[in-house]
Amino acid sequence: MSDATSTVLVIDDDPDLRASVGRLLRSLGINVQLFASISDFLKSDPPDCPTCLVLDIRLPGQSGLDFQRELSAANREIPIIFVTGHGDIPMSVQAMKRGAIEFLTKPFRDQDLLDAIQLGLARDRARRENDKDLVSLTQRFASLSPREREIVIQVARGRLSKQIAHDIGIAEATVKVHRSRAMQKMQAGSLPELGRMADKLKLVPDSPQRS
């Protein structure tokens, strides 16, 4: 399970548990950062790699559930694995409804924690790749001319070349030239792929289904 390009963040006020989890993860070649409180965690710089957070429920000051709420409100997407020695069903339901990966009651099996961490890191890795793709897509769309952008949006709405030509008052052949150039710049291999790109960029909110 070695993954030196990822980092597991652990916030727990129990020094024995922190040390134990730290040893376990390092023995498997996984980077880990240990914190005794949420305030300590907030003083650190977030790692620029796939991460997940192993978070105690009951902490001095702010609770883990409150911190989960704060992260969500700030749109900080980080997979969370809750651990607690004082858990109950309503608490676990609350945590899972807000997107927690797992809710483990102490003492938990090492393998259960590792399985949850593996899932959390995989989820964050996929999110980061998606964000990276979206940035690239946004840059490619920004490279289009105003007319090319207009035609991409019309294509995403399901309009045919002759309909677009009529709507904006140019020849159908000219529409096709602009569309071809836009597809090249967007690196779209087909019209359906161009449509999917437009969906990712949210160019046509509440657009009707394309035929």
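Serine 37 is buried, because its relative accessible area is 10% and the cut-off for buried is under 20%. Keep in mind that this is a predicted model. Where does serine 37 sit? Find the loop between strand S2, residues 30-35, and helix H2, residues 38-42. That loop holds serine 37. Now look at the side chain. The side chain of serine 37 makes a polar contact with the side chain of serine 39, at 3.0 Å.

Move along to proline 50. Proline 50 lies in the loop between H2 and strand S3, which covers residues 51-56. Buried or exposed? Proline 50 is buried, with a relative accessible area of 11%. What does proline 50 touch, leaving out residues up to four places away in sequence? The list is Thr5, Ser6, Thr7, Leu121, Asp124, Arg125 and Arg128. Take aspartate 124 from that list. Along the sequence, proline 50 and aspartate 124 are 74 residues apart. In space, their C-alpha atoms are 5.4 Å apart.

Now glycine 85. You will find glycine 85 in the loop between S4 and H4. Its relative accessibility is 41%, so glycine 85 counts as partly exposed. Valine 152 is 67 residues from glycine 85 along the chain. The two C-alpha atoms are separated by 55 Å.

On to helix H4, residues 89-97. Met91, Ser92 and Ala95 are buried there. Seen down the axis of H4, the buried residues fall within an arc of 95°, so they line one face of the helix. What do they pack against? Helix H3 (64-73), strand S4 (80-84) and strand S5 (102-105). Turn to the face of H4 that points away from the buried side. That face carries the exposed residues Ile89, Pro90 and Lys97. After H4 comes glycine 99, with a positive phi, near 100°.

Last stop: a pair of helices. Two packed helices are described by the angle between their axes and the distance between the axes. H6 spans residues 146-156 and H7 spans residues 161-168. Their angle is about 130°, and their axes are 10 Å apart. That angle makes H6 oblique to H7. The crossing of H6 past H7 is right-handed. Which residues meet? From H6, Arg147, Glu150, Ile151, Gln154 and Val155. From H7, Ile164, Asp167 and Ile168.

How values were computed
Residues numbered from 1 in each chain as written. Predicted model: local features only at pLDDT ≥ 70, side-chain atom pairs only at ≥ 80, totals over all residues. Heavy atoms only, no water. Helix = DSSP H or I, 4+ residues; strand = E, 2+ residues; numbered from the N terminus. Buried < 20%, exposed > 50% of the residue type's maximum accessible area, 1.4 Å probe, protein only. Polar contact = N/O pair within 3.5 Å; in protein donor to acceptor, adjacent residues only side chain to side chain. Arc of directions from axis to C-beta. Contact = heavy atoms within 4.5 Å. Axes fitted to C-alpha atoms, helices over the stretch in contact; angles between N-to-C directions. Parallel < 35°, antiparallel > 145°, perpendicular 65-115°, else oblique. Left-handed = near helix turned anticlockwise from the far one by under 90°.
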